Amino acid sequence: MGKVVLKDEIFGAVKEKCLAMFDEKKTDLYEMATELMDIREIPMHYPYHHYIVPAVLLTACHTAVGGERKELIERLDTAKQRARNILGGFCGFYGACGAGVGVGIFYSVYGGITPLSQEGWAAANQATADALASIAGVEGPRCCKRCCFLALYSARKTIEEKLGITLSMPEQIRCRYSERNLDCRKEACPFYAKEA
């Protein structure tokens, strides 16, 4: 792996697109995630995906509950600062995929959970654990798109059960990034779009 260089303007583009989706009242997690993944400067694999997961979840939840735009901006900024700390290759080097950790970032930011919280601390860790377990259900090598989709499926269920917020996501999605992924697992990936 080469040196990872994170650019503020790309994080800014993700944030601006999230605010536009908030204004458009979008809550479909797959649609929102792919809009962010389709930002031209975002590579197939890169730590920006560690921000995409909490950014999508924060935006969708704020939209679903009629949250304030100003509060969403503050929360997106907090999530960005936390996501920046998840290094590239975290999945393989540390055994915890950044997309899964992104679910925990969402949960802690949305719930105002800190290391000293007596309530919610366990739930944030459990949300992360559930997302990581979902991601661990598919063998490597890494695929940032696949891991984001798996993390979002897991988070959607947790958010409905624990927070009472219903978000939409297709029951079965077909990845449109396979051709860009030189390491694609093809039929071994639950999202592989099989050729006719």
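This is a predicted model: local features need pLDDT of at least 70, side-chain atom pairs count only at pLDDT 80 or more; totals for chains, interfaces and linings use all residues.

Helix α7 itself runs over residues 121-135, which is 15 residues. From its first C-alpha to its last it reaches 22 Å, close to the 21 Å expected at 1.5 Å a residue.

Now for the inward side. The buried residues of α7 are A124, A127, T128, A131 and I135. Looking down the axis of α7, you will find these buried residues within an arc of 95°, so they line one face of the helix. The background is simple: an α-helix has 3.6 residues a turn, so residues three or four places apart point the same way.

What lies over that face? The cover of the buried residues of α7 includes α6 (98-111) and α8 (144-163).

These two covering helices also pack against each other, so let's follow them next. Two packed helices are described by the angle between their axes and the distance between the axes. For α6 and α8, the angle is about 30° and the axes are 8 Å apart. Since angles under 35 degrees count as roughly parallel, α6 is roughly parallel to α8. The crossing in which α6 passes α8 is right-handed. On the α6 side, the contact is made by A99, G100, V103, F106, Y107 and Y110. On the α8 side, C147, C148, A151, A155, T158, I159, K162 and L163 take part.

P141 lies in the loop between α7 and α8, and the peptide bond from G140 to P141 is cis, with omega near 10°. That is worth a second look in the backbone, because most residues other than glycine have a negative phi, and most peptide bonds are trans.

Although K186 is not a glycine, its phi is positive, at about 50°. The side of the cut-offs on which K186 falls is partly exposed, with a relative accessible area of 38%.

K25 has a positive phi as well, of about 60°, and is not a glycine either. Its place is in the loop between α1 (8-23) and α2 (29-37). At 64% relative accessibility, K25 counts as exposed, as exposed means over 50%.

Definitions and conventions:
Residues are numbered from 1 along each chain as its sequence is written. Side-chain values use heavy atoms; hydrogens and water are left out. Helices (H or I, at least four residues) and strands (E, at least two) are DSSP runs, numbered from the N terminus. The expected span of a helix is 1.5 Å times one less than its number of residues. Buried means under 20% relative accessible area, exposed over 50%, partly exposed in between (1.4 Å probe, protein chains only). The arc is that of the directions from the helix axis to the C-beta atoms. Contact means heavy atoms within 4.5 Å. Axes are lines fitted to C-alpha atoms, for helices over the stretch in contact, and angles run from 0 to 180 degrees between N-to-C directions. Angles under 35 degrees count as roughly parallel, over 145 as roughly antiparallel, 65 to 115 as roughly perpendicular and the rest as oblique. A crossing is left-handed if the near helix is turned anticlockwise from the far one by less than a right angle, and right-handed if clockwise.
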